[in-house]
Amino acid sequence: MKNNERPIVYMCFSTDIIHSGHIAIIKKAQELGDLIIGALPDDAIAMYRHFPIIPYEERVALYENISGVLKVIKQKNWSYKDILNELKPDYLVHGDDWKEGFQKPIREEAISILNKYGGKLVEFPYSRDAKYDNLEKLFRRQLATPDMRRARLRKLLSMKGCINALEAHSGITGLIAENTTVHKEGKVYQFDAMWLSSLCDSTAKGKPDIELVDMTSRFRTIDDIMEVTTKPIIFDGDTGSLPEHFVYTVRSLERMGVSMVIIEDKTGLKKNSLFGTEVKQTQDSIENFCHKITAGKKAQKTKDFMICARIESLILEKGMDDALNRAFAYVNAGADAIMIHSRKKDPDEVFEFAKRFRESNKIIPIVVVPTSYNHVTEDEFKKHGINIVIYANHLTRSGFPAMKKAAESILKYHRSLEIDEICMSINEIITLIPEE
Ligand code: SPV
Ligand code: MG
């Protein structure tokens, strides 16, 4: 590199569109020397920002063909440490927007490495031109199209190994699942997917979770959420109803852009699993349930849509062997994933299931809903071979108690002053709804 006469300039891109704003920065960088562009891989971008629309290889080709770019190399993650140590560029170019926010520690790390070998950081003022914002927004809308949204769950699973999903039951709860991010120790955390819970969809309508809210109404909720979000949706399909009905559900969900339906192996009047054996619930026969899975798999049109079989054996106290027998039978019938449900306070039976299932099957994703064993972290689940962690009811369970408290307080004091502290200001509420 250094036998080159001109200084080496390095900058890293995560963008999947190149507009005149990028070209202007590239031109300025090229005035400093020969420009090498780093390209972040899909998993790095998906983890900290939006999901990339243009795949990595295409982005590399895009950057390579920008006039005057010497070459494009892979920058494995957001940290510049490895690249700076290897390449030792004379200049590192970046927009000045990374002085704050999640990139602040990344900037500090880069400066300390540059200082060690005498490299320079050049920061160009970052202008948030409305023209570019609109362009990006338009481009980003593609993420919400049915084909892109549907396919994203499988992609995220293969990128991350273990993903999480938050319950959503309306447009606004969908927006919370879509947009909530937390910055911690130089990293950004956000939810990967949304869970369209039957319990929470029914609760929002003031109805019991007994398959009383019909599919047309459930689809309406999906539509409300899809209108304002882009993240993949996992749909709680209850029992899936009759196989003859389930095939229509599969086709509709797939057409809408839902990524996965989870159906549970119960039959007759379904009650919520968290009641366990306190209420009468009947598990379906292996044969019947396998038939339903196979019928669903035959009905789907794309390779991306997933049918997950949910096993209720532990909930209904039928034992571990029954749960495992069913899991293998359901996979043979075509299930793309297995959900093992438990309402125990500790995760032992779920971990035992995962261990024994993984002895024979390393591939099929395992889904868990840790409502009762909620002290277990996602990292621990991942270590036990689990791939999807669903927070199944937490926006419902946190939101409604606050509403009840507000209603009671108004009745008690005949005014609303006392609940100021638990109410979001109108300004904050407005910021939850992004402007179009
Ligand atoms: C739901 O969220 O509706 C579920 C999960 O099915 S559970 O409530 O735990 O059964
Ligand atoms: Mg449910």
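**Note on the magnesium site, helix packing and cores**

1. In this predicted model, the magnesium ion (ligand 2) is coordinated by the OG atom of Ser198 and the OD of Asp236, at 2.1 to 2.2 Å.

2. Are the two coordinating residues buried or exposed? Ser198 has a relative accessible area of 3% and, because buried means under 20%, is classed as buried; Asp236, at 4% relative accessibility, likewise counts as buried.

3. Helix H11 (residues 243–256) and helix H12 (residues 286–299) have axes that come within 8 Å and cross at roughly 35 degrees, and the crossing of H11 past H12 is right-handed. On the H11 side the contact involves Pro243, Phe246, Val247, Val250 and Arg251, while H12 contributes His291, Lys292, Ala295, Gly296 and Ala299. By class, the residues of this contact comprise 6 nonpolar, 2 polar and 2 charged.

4. The largest nonpolar core holds 55 residues, and those touching the most other members are Ile222, Tyr330, Ile338, Ile340, Phe353 and Phe357. Helix H13 (residues 320–332) supplies the largest share of this core, with 7 residues. A second, separate core has 25 residues, including Ile17, Ile262, Val367 and Ile388.

5. Which residues does Phe357 touch, not counting those up to four places away in sequence? Its partners are Leu324, Ala327, Phe328, Val331, Ile338, Ile364 and Ile366. In soluble globular proteins, nonpolar side chains tend to be buried together.

Methods. Residues are numbered from 1 along each chain as its sequence is written. Chains are lettered from A and ligands numbered from 1 in the order in which they are written. This is a predicted model: local features need pLDDT of at least 70, side-chain atom pairs count only at pLDDT 80 or more; totals for chains, interfaces and linings use all residues. Side-chain values use heavy atoms; hydrogens and water are left out. A nonpolar core is a set of buried Ala, Val, Leu, Ile, Met, Phe, Trp, Tyr and Cys residues joined through side-chain atoms within 4.5 Å. Buried means under 20% relative accessible area, exposed over 50%, partly exposed in between (1.4 Å probe, protein chains only). Helices (H or I, at least four residues) and strands (E, at least two) are DSSP runs, numbered from the N terminus. Contact means heavy atoms within 4.5 Å. Donors are N, O and S atoms within 2.8 Å of the metal (3.2 Å for Na, K and Ca); water is not among the atoms, so sites may look incomplete. Axes are lines fitted to C-alpha atoms, for helices over the stretch in contact, and angles run from 0 to 180 degrees between N-to-C directions. A crossing is left-handed if the near helix is turned anticlockwise from the far one by less than a right angle, and right-handed if clockwise. Ala, Val, Leu, Ile, Met, Phe, Trp, Tyr, Cys and Pro count as nonpolar, Asp, Glu, Lys and Arg as charged, and the others, Gly among them, as polar.
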